[in-house]
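Please look over the structure shown below.

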Amino acid sequence: MSTDSLAAELETALPTTLFRFATAGSVDDGKSTLVGRLLHDSKAILADTLDAVARTSADRGFGGAGATGTKAIDLALLTDGLRAEREQGITIDVAYRYFATDRRSFILADCPGHVQYTKNTVTGASTADAVVVLIDARKGVLEQTRRHLSVLQLLRVAHVIVAVNKIDLVDFSESVFREIEADVQQVGRELGLGADGITDLLVVPVSALDGDNVVDRSERTPWYTGPALLEVLETLPAADELESHLESFRFPVQLVIRPQGALAPDAVAAGMDVEAYRDYRAYAGQITEGSVKLGDKVSVLTPGQDPRTTTVVGIDFAGASLEEAAAPQSVAIRLAEEFDVARGDTIAAAGTVREASADLYASLCWLSPKPLREGAKVLVKHGTRTVQALVRNVGGKLDLATFKLEPTSTLELNDIGHAQLRLAAPLPLENYLHHRRTGAFLVIDPLDGNTLAAGLVKDHPGDHEDERYSI
Amino acid sequence: MSTFLTEETTQVTDSAVSIRLSSLDTLESEAIHIIREVVAEFEKPALLFSGGKDSVVMLHLATKAFWPGKVPFPVLHVDTGHNFPEVIDFRDRTVERLGLKLVVGSVQEFIDRGELAERADGTRNPLQTVPLLDAIQQNKFDAVFGGGRRDEDKARAKERILSLRDEFGQWDPRNQRPELWNLYNGRHTVGQHVRAFPISNWTELDIWRYIERENIELPGLYYAHQREVFARDGMWRAVGEVSQPLPHEDVITKTVRYRTVGDMSCTGAVESDAYTVADVVVEVAASTLTERGATRADDRISEAAMEDRKKDGYF
């Protein structure tokens, strides 16, 4: 493309939106090759990187030729990481990759599948709008597939795409694909897919090695009439693009902006009305969910106090006064009343958050080699507040393959289980099922500060909990 | 589909709001959230400011995060002694304009005291680590913002947004804390500190589009200009006090610009006629070379050059 036509295109192009997705699967499923294919075919790989990969491919005697006419390079090398990983031929950590099309910029959390798959998948999925799960067409749905889907359901990833890879190695067989597709949908039904978890589950036949149905639809799978993988990723709605409402407005206060005369010198030099900002006081944060407009009634939730209701009189952002704002915007909010509001408080739509509670029932994804024991003292970080907590009991761990809860009194690395914690101060906890941000928390080791677990708030037993979420 | 509005507009129907944020808006919002988290949770943060485009964008984001207040932390520059004079000038003007405190760690002073040795290849970029850690320790900074981006390098692709460092500033890629949702765990013990990378998820093109959108001033050498250069290692190197051609290297005048601004002894220029930020956006979008591959001699040393520097405490 000439720079002139590129310039014209950049000029007329709509601003792209951001879409976050993760990949889950093992090296054997061809995940690295698939990620390499996406990056390569979307032209995210620049010439110097490609040359280096081509040299390494030749050194290692890689013979795979691309059906799309690319030179024989081992696409998996494009996602090659650290020296330790290259030496041992393993991937040890989530890697983030970036590519863009005309419509979207993508952030890809590339989650290794072999070691600590739960830890990595939970991490990658926590921020993902969608997750691509790989299956080897020759092997079909394995226990690992069930585990992955189960974790994604638990974490409420809205869109899951199952890529049935190596379709070339089963001679582009429709019957093989249909069988796998039926198995995947069966697992989906067992997991109870629906509005509150994974909302849709798409199955796409691909060959990462040759590029079939990755970026472009393949002529070699005429029986498949659905979109190619990248088309799916380009058109799925991102969580941030959905309509948002005041009802679900949540705003954990990060800090109070109160310059008291210490105004930004550049703004003052540019003619800021110093008098007008003498008593400026606003609450800075990022809207985690929902939206807010000037004049909306909101409650300030301070642990240990009754909610205080007031009106939003200002939504400020770097000198601009906004009429309204929605997740995930970072803004500063001014309120009609001069309440004492501090970091750790939450501003929410009035009357929509239930009473703060010091009893926390949760699913925990245990991410540390140090096991959880009943009676342990931990820290819980929820929104912008961190409180001490006592683990009262561990209520079982989930068998990810059968979705059954097994009795246990401990959780170990990569286990997912239930626990009940007693908090030193009440928190405005919400069910993760309905609030992916204010229903999430971290469990932190008070001794070394390490993150021990990802926590998903559940309703108290006795509340009308969704039966499907007995996991 | 209602969620796919065709332009950047806001639709209000009853209480429903549909705001289509551009990818830049989303990245900006994420970065500001991170900057505010670090300021709220740490005693003494500082921002690494070199006058390079990424650190300039970082500082711009910080001004937006705390508006109308001033940026509530000092900036830290590790001066290799081989910096471009116009970049140092830009640094000083920026600090003055924003009323910031500037802390400088000097590679030259460490060399003069015999605590660092000049490398055989003359590159001072890797030498920054010792003065950096010294400045962090002397000033008791417990969090240091950096403009590192994950798209720059494969080691950085695995970096956390909050990256815990031990007493030696070392990065341990095998032992990183998982980072979940937008909950950042910055807990650290005495002697440890945290590097914070709010623009982790930005690409080089995002940076340039943002500079264009926000009308952010940069040192002039990011734009096309005439300069005396000579060819070395497949790059155009500026003729300067610390960067002299060898007898067989011919000096010519070319129209060049810099894609990265680092130490003069290892940063190369690229031929370019991108005179404005809009030209640069187009050039970067069409570029076939990565910015580090094109312009950094120190990253060409080995496949794992950045990984090794990071493990030693580099950004």
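How many helices and strands are there in chain B? Chain B has nine helices and 12 strands. The model is predicted. In chain A, the secondary structure comes to nine helices and 25 strands.

|---|---|---|---|
| B | 315 residues | 56% | 75% |

**A four-stranded sheet in chain B**

Chain B holds an open sheet of four strands. Their order is β10-β9-β11-β12, and the pairing is antiparallel. Which strands stand at the edges? They are β10 (235-238) and β12 (270-271) of chain B. Each has a single partner strand, so one side of each lacks a neighbour in the sheet. Within the sheet, strand β9 (residues 225-232) of chain B pairs with strand β11 (residues 252-257) of chain B. Five bridges join these two strands in the antiparallel sense. One facing pair can be named: B:Val229 is opposite B:Ile252 in β11(B).

Strand β19 of chain A covers residues 377-382. Is this strand largely enclosed or largely open? Five of its six residues are buried, so β19(A) is largely enclosed by the rest of the structure.

β19(A) pairs with strand β20 (residues 385-399) of chain A. The two run antiparallel and share six bridges. A:Lys377 sits opposite A:Leu390 in β20(A). β19(A) and β20(A) form a hairpin with two residues between the strands. In that hairpin, A:Gly383 takes a positive phi near 60°.

β19(A) also pairs with strand β24 (residues 440-444) of chain A. Here three bridges join the strands, again in the antiparallel sense. A:Leu379 faces A:Ile444 in β24(A) across this pairing.

**A buried leucine in chain A**

A:Leu301 lies in strand β11 of chain A, which spans residues 297-301. Is A:Leu301 buried or exposed? A:Leu301 has 26 C-beta neighbours inside 10 Å. The cut-off for burial is 20 or more. A:Leu301 therefore counts as buried.

Which residues does A:Leu301 touch, leaving aside those up to four places away in sequence? They are A:Pro307, A:Asp345, A:Thr346, A:Ala348, A:Val353, A:Ala356 and A:Pro428. Take A:Pro428 from that list. A:Leu301 and A:Pro428 are 127 residues apart along the chain. Their C-alpha atoms are separated by 7.3 Å.

**Two helices that cross in chain A**

Helix α5 (residues 117-126) and helix α6 (residues 143-154) both belong to chain A. Their axes come within 10 Å and cross at roughly 40°. What does that angle make of the pair? The crossing of α5(A) past α6(A) is right-handed.

Where do the helices meet? On the α5(A) side are A:Thr118, A:Thr121, A:Val122 and A:Ala125. On the α6(A) side are A:His148, A:Val151 and A:Leu152. The residues of this contact divide into four nonpolar and three polar, with no charged residue.

Definitions and conventions. Residues are numbered from 1 along each chain as its sequence is written. Chains are lettered from A and ligands numbered from 1 in the order in which they are written. This is a predicted model: local features need pLDDT of at least 70, side-chain atom pairs count only at pLDDT 80 or more; totals for chains, interfaces and linings use all residues. Axes are lines fitted to C-alpha atoms, for helices over the stretch in contact, and angles run from 0 to 180 degrees between N-to-C directions. A crossing is left-handed if the near helix is turned anticlockwise from the far one by less than a right angle, and right-handed if clockwise. Two residues are in contact if their C-beta atoms, placed from the backbone, lie within 7 Å. Ala, Val, Leu, Ile, Met, Phe, Trp, Tyr, Cys and Pro count as nonpolar, Asp, Glu, Lys and Arg as charged, and the others, Gly among them, as polar. Two strands pair if DSSP finds at least two bridges between them. A residue is buried if 20 or more other C-beta atoms lie within 10 Å of its own, exposed if 12 or fewer, and partly exposed in between; C-beta atoms are placed from the backbone.
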